[in-house]
Amino acid sequence: MDTFELISKHGDHEQVVFCHDKDIGLKAIIAIHNTALGPALGGTRMWSYKTEEEALVDVLRLSRGMTYKAATAGLNLGGGKAVIIGDPKTMKTEAMFRAFGRFVNSLNGRYITAEDVGTTVRDMEYVFMETPWVTGIPKAFGGSGDPSPYTAHGVLMAIKAAVKERLGGDSLKGVRIAVQGLGNVGYHLVEYLSKENAIVTVTDIDQEKVKRIAEKFHAKAVSPDEIASVECDVFAPCAMGAVINDDSIGKLKCKIVAGGANNQLAEPRHGNMLREMNILYAPDYVANAGGLMNVFVELEGYSPDRALDKTTQVYENMMQVFAIAKKEGISTHVAADRLAEERIKVIGRLKQTHLGLASRPYATLKEVKNR
Ligand code: NAD
């Protein structure tokens, strides 16, 4: 398929930049999907893509997802993402990330990067040597560090909103919650849930983690195969994507699906199926926006308290999604997309009015430039 055809198919992106440095071995693609709300922000993924087309489709898909996540989160950010083609275990060099940083810099703040799958805070330090347009850098450099606790706090808010909507209560005390995956997000979520006196069941493919965390937080442990069929109020996927699929959906014995994992629905039709089963789905990108809110606060000058406070916004955002779904008689994953598209349309239109030189689309980024 032609490049522009691919771009049209995956979201009509504003700009796609191919970055190449033959001597250094850099092959990267930066995709800027939409900047109606603000600069395009999204991490840099490094992966051994089998073909360049595979890399292009991935970056187009991921950057579009960032537009929707930022828009429903209520942030003044657009959607972007970058991919570096190569094996993250063997092909990384300082020169590669510095060369990449120079390409990011050439976009003059239209795209802001961060770490993602296959890249680390250390890699971002190299990028930061060449450009200020990078977030998620270490705390020592004024960055926000690990976003996972903030993502988990946002997921807690999403669960609270879904419990309010579906079960009618304000408290998680005695609410039965099954958490799949005890990594960075799952661990912090279980910690929050135990403080709320929820009844927690956990699983992970790493048995050592399961034992340690189940003991520490007095949670019940089950095998990874059992978690989707645990009788509970909330199923919280915090591991891999596509967990709601043709195989798992019939086994669910929950009233709510609300977790931190990305792309929980294998296909959009699974969101409609959940609705038909009277299972309330808290759309993943609305639920897991706490990490993005955290880096947004970093752009404004980081404060951990402000970041944590910002993630409480996930509760209202989720309630808004549920309200749209009810009003329009549609599934919640469709309602989340509508909320994003409406905000982009309305706020994007505001910017069409020229306000002279006093108008600054995103003032605080100026401070970032001067770091
Ligand atoms: P992680 O790699 O730290 O943790 C994932 C955990 O899931 C690991 O402990 C792994 O052993 C476990 N796991 C993998 N397959 C499993 C299976 N089949 N059954 C049970 N457990 C399994 O990742 P993370 O940072 O905690 O992220 C978890 C999810 O949340 C991912 O989908 C990620 O994309 C998404 N997410 C994370 C953040 C963040 O701030 N870290 C932000 C937004 C979205």
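A polar contact is a pair of N or O atoms within 3.5 Å. In this predicted model, local features need pLDDT of at least 70, side-chain atom pairs count only at pLDDT 80 or more, and totals for chains, interfaces and linings use all residues. Residues are numbered from 1 along each chain as its sequence is written, and side-chain values use heavy atoms, with hydrogens and water left out.

An oxygen atom of the ligand lies 2.8 Å from a polar backbone atom of A239, and a backbone N or O atom of G183 is 3.5 Å from an oxygen atom of the ligand. For S148, a polar side-chain atom lies 3.5 Å from a nitrogen atom of the ligand. Of the 830 Å² of accessible area that the ligand has on its own, the protein covers 72% (by the Shrake-Rupley method with a 1.4 Å probe).

## The shell around the ligand

The ligand is surrounded by 20 residues (each with a heavy atom within 4 Å of it), and the closest are T151, V185, D204, K209 and A239. This shell divides into 9 nonpolar, 8 polar and 3 charged residues, where Asp, Glu, Lys and Arg count as charged and Gly is among the polar ones.

Helices α5 (148-167) and α6 (184-195) each supply at least two residues of the shell; helices here are DSSP runs (H or I, at least four residues), numbered from the N terminus.

## Packing of α5

Helix α5 also packs with α12 (residues 313-328), at an angle of about 40° and with the axes 8 Å apart. The axes are lines fitted to C-alpha atoms over the stretch in contact, and angles run from 0 to 180 degrees between N-to-C directions.

Technical notes
A polar contact is a pair of N or O atoms within 3.5 Å; within protein, one must be able to donate a hydrogen and the other to accept it, and residues adjacent in sequence count only if both atoms are side-chain atoms.
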